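User: I would like to know what stands behind the terms used for this model. Please walk me through them.
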Amino acid sequence: MDLYQCDVAIVGAGGAGLRAAIAVAERDPRLRIALISKVYPMRSHTVAAEGGAAAVTQAHDSLEAHFHDTVAGGDWLCEQDVVDDFVSHAREELVQMEHWGCPWSRKDDGHVNVRAFGGMKIERTWFAADKTGFHMLHTLFQTSIKYPSIRRFDEHFCIDLLQDDGRFQGVLALEIATGTFRCIQAKSVIIATGGAGRVFRENTNGGIVTGDGRALAFRHGVPLRDMEFVQYHPTCMPGTGLLFTEACRGEGGFLLNKDGYRYLQDYGLGPAEPTPRNKAMELGPRDRLSQAYWHEKQKGRTIQGPHGDVVHLDLRHLGEKKLRERLPQIYELAVEYLGVDPAKSPIPVLPAVHYTMGGILADGNTAAPMPGLYSVGECSSVGIHGANRLGSNSLTELLVFGKKAGESAAAHAASLSHADTSRVEALAQAALGCARTLVDRHDGRERIATLRREMAQTMEDGCGIYRSEQPLKATCDKLAELKERYRHVQLDDHSTAWNTEWLLAIELGYQLDVAQAMAHSALERRESRGSHQRLDGYEERDDAQFLKHSLAHYAGNDVPRISHAAVTITHSPPGTRAYGAAGEQAEAVRLAAEQHHD
Amino acid sequence: MTEARAWPEQVEIDVLRYRPETDDHPVWQRYTVPFDVDMSVLQALQHIKDEDDGTLSFRWSCRMAICGSCGMMINGNPALSCKTFVRDLLPGPVRIEALAHFPIERDLVVAIDGFVKKLESVKPYLIPEHPRALSDGERLQTPEQLEHFEQFSSCINCLLCYAACPQFGLDPEFTGPGALALLHRYNADSRDAGRAQRMAVLNAEQGVWSCTAVGYCSVVCPKGVDPANAVNQNKVNSAVDYFLRFVTNRREQS
Amino acid sequence: MKPGPAARRPYVRPMTGWWRRDPYFVRYMVREATAVAVAVYAVILTAGVVSLARGEAAWDHWLAALRTPASIALHVVLLVAMVIHAKSWFEIMPKTMPMILVGHRRLQAKTITRVGWAAAAIASLLVTWLAWRWWT
């Protein structure tokens, strides 16, 4: 086992990890940074994000408006002080990206353009064609090359966090190409490992989105917050789950059922108008759109396809020229994967899991309760998304909190010296042993793919768009059974160099722990809020009992223990979460009440 | 797309295997996979790994041709396995091999650290003329100025262009189409002023001058980056720079 | 399988016969070979100029050599090679040029190729007409 000592170790080199690394390097070039990623940075799943990044830009927009959209979008489960901080730093981060070369799409006068996005009252989403995540990731990666203090460990898989006496001291990483274990001792550890959508059957995520960092933090005693909130993106490709960006709807696309009817007007999002209107119809928030699909399906008004029931995303009225100019990637996806020309036919779509709102408990500076650990990006829960994330808030989140994480971790590292290396190495050796048991086993009996499929199916059944007690309990039981069977997983591959089956097995273990946290948190939330909707007597939001975060605590072989914690409410008391015409009415009432207060 | 035709039940997939711990050289191995009309080559490989042979190693992630992980040779052509459909390769057997011109680490995984070093060597970051405060807001750039470089910024680093480039195959030190396209992207960005600092890479023997305009790189590029254009238009720039340096005694920056 | 790290042992595939692997490479090699035809024709023309400088006898000798069946056969081959050379050059020519925006629209590669062909056609017609004028 090799030893490498640094000041800040960052696990995950997507948008958040890279931004954090740059922040550390800029704050103090003498600090040594280890940037550890199981894939080359440009493969990180940030690359697939399409729509854009939000920040208050136009003169008639305000931080208060962005704050309110976010808090209402999150169904009042957001940490409002953190949201305040977030919206106030958003613009400077996007300008920073522009200074670093990000090719933001422009207006004719040369200023950055903004577009409408679901749940946002005023257009504030910066975008780079329909590949914003791609351009942001490549800009960050290429910019990171400027800083010699960032040492990258590309294609190094994180096997475990090293925690001694409550304090996080580094990570154990596996060099995938050779099977060499590397003990990376650090004074601060930042986890930026992304989401966990792969625990579900239909998802937009890449193969690497398996909740690694969440599971590791969880196992080391850090609570996972609000895990029951899982975002379904309403317009995804049947079969693969690949994403058709929200920008399709921002540009004016319609969602039609089998009668060619814009059904969203039946679900409180109307009235239907020919051009897009913010926070109405197809620009409503994602959870409401996915729920509308589910209801249409129950009513038999969806269209049966070879990969499930679909609705139609109609972009024909945009015309080929506009489609190729504003939505070129969508055009390509539809034509190549589905053989559908969006200028001539509607695209079949259905909801698939896209984002996991919950994650590692983190305060407004991204710090975990235990010293030495920070988390940022989709893997963390700093508290800005609440019960439902608004599109284009998460790309901005990577930047605002990536910077905070880097600065917090740097400050912490600068205040300490390294702990006893021999103790850290001993911890690493123990973790190494556990990993080797998996690959050396010859008497197992379960195949990885079988367990993974059963996990994904049960999560889809019990933890889907709508939840009920019995299916949730069944899912919890099934997950417990899968965890037991996982102890007997058998690999075909016992080699050491580029053994990706070994990695899949370890990832499955992470996913099972994360799935359990999700399912049990969902079971214990006996209300409906945001993306967590129940049909078993808990159809309404219950602020009296459940205006609280859920916290999942790891209990080893036992099921996770769920507790609840208060939400920080500063200046937006819980109101009605309404969109469409009803939303405009509610907004007017709210503003009148506010003016009355002043 | 799916006309009524008789699709087969199964298809054969031949994969070039290589296990560094046990094999002296690569060997072909045949698998049989159930056929589905919208199955991609990647899905076929995943089926093999999940159900038949967990020892088959290959890179993949996004499944939508944006992460650049899954480049490989499919029936002799450089292609992304997530975007290549088995129905277009029938009746089979489909021959799959690691990306050409790169050393094979294992099975379909090639060593790309050489490329990453080249990417780092072209100074792929904005070098502005004057620093600018965040409070001054964004630098202005018209849609026309953006058009000059946007295409070259679309590279997903999939390396299909390197597999298509015989000059790179013959000389692995050639900086190559992808890295040079990225270099050009920054030179062509109206906000950048670092052209002089990147000249050394362009002018080198293994810069643009190793390119003989085969043009295959641009044909195989899945994102329309047109690296052949990026490289060849810079031959003029390189020649002009050389001439000017010769005439004015300007020293080459590095 | 023994535990512990394995050294990297990448396998480098040989490049022998690389140009036969792909039809695109074969076409590329044919294109490169046509440069030989250009060189050969340049030598023939140079010989003609030298013969002209040497006087009438040498000049007539050179013209006679050109009229032999072998020479005519060679010239047919050279002509075919020249056409292939021109075609492949016009196809690759747009790659050597920077992006040109006319109004707000980009000048297409195929436009540049067509301009090249047009120029070649006009030049060929002009030369043929001159030759015919001189001959008759």
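Analyst: Domain bounds here come from an automatic or database domain assignment. On that basis, chain C is divided into domain 1 (17-88) and domain 2 (97-136). Their C-alpha centres lie 22 Å apart. The model is predicted: local features need pLDDT of at least 70, side-chain atom pairs count only at pLDDT 80 or more, and totals for chains, interfaces and linings use all residues. Residues are numbered from 1 along each chain as its sequence is written, while chains are lettered from A and ligands numbered from 1 in the order in which they are written.

User: What makes residues of chain C and chain B count as in contact?
Analyst: Two residues are in contact if their C-beta atoms, placed from the backbone, lie within 7 Å. By that test, 22 residues of chain C meet 26 residues of chain B. Helix α1 (residues 23-54) of chain C gives the most to the chain C side, with 3 residues. Helices (H or I, at least four residues) and strands (E, at least two) are DSSP runs, numbered from the N terminus.

User: Which classes make up the side of chain C that touches chain B?
Analyst: That side has 15 nonpolar, 2 polar and 5 charged residues. Ala, Val, Leu, Ile, Met, Phe, Trp, Tyr, Cys and Pro count as nonpolar; Asp, Glu, Lys and Arg are charged; the others, Gly among them, are polar.

User: How many residues of chain B are in contact with chain A?
Analyst: 44 residues of chain B are in contact with 46 residues of chain A. α3(B) gives the most to the chain B side, with 3 residues. By class, this side of chain B divides into 16 nonpolar, 11 polar and 17 charged.

User: Why do β7 and β19 of chain A stand at the edges?
Analyst: Two strands pair if DSSP finds at least two bridges between them. The open sheet has 5 strands in the order β7-β3-β2-β11-β19 (chain A), with parallel pairing. β7 (150-154) and β19 (373-375) of chain A each have a single partner strand, so one side of each is left without a neighbour in the sheet. Strand β11 (residues 188-191) of chain A and β19(A) pair over 3 bridges. There, Val189(A) stands opposite Leu373(A).

User: Which strands of chain A pair in the antiparallel sense with β23(A)?
Analyst: Strand β12 (residues 224-225) of chain A pairs with β23 (residues 548-553) of chain A over 2 bridges. Leu224(A) stands opposite Ala552(A). Strand β24 (residues 561-566) of chain A is joined to β23(A) by 6 bridges. Here Ser550(A) stands opposite His564(A).

User: What makes a set of residues a nonpolar core?
Analyst: It is a set of buried Ala, Val, Leu, Ile, Met, Phe, Trp, Tyr and Cys residues joined through C-beta atoms within 7 Å. Buried means 20 or more other C-beta atoms within 10 Å of a residue's own; exposed means 12 or fewer, and partly exposed lies in between, with C-beta atoms placed from the backbone. The largest core has 270 residues, and Ile190(A) is among those with the most contacts inside it. Helix α14 (residues 500-524) of chain A gives the most to this core, with 15 residues. Ile190(A) touches residues including Val8(A), Ile10(A) and Tyr374(A).

Definitions and conventions:
Lists of a residue's contacts leave out its neighbours within four places in sequence.
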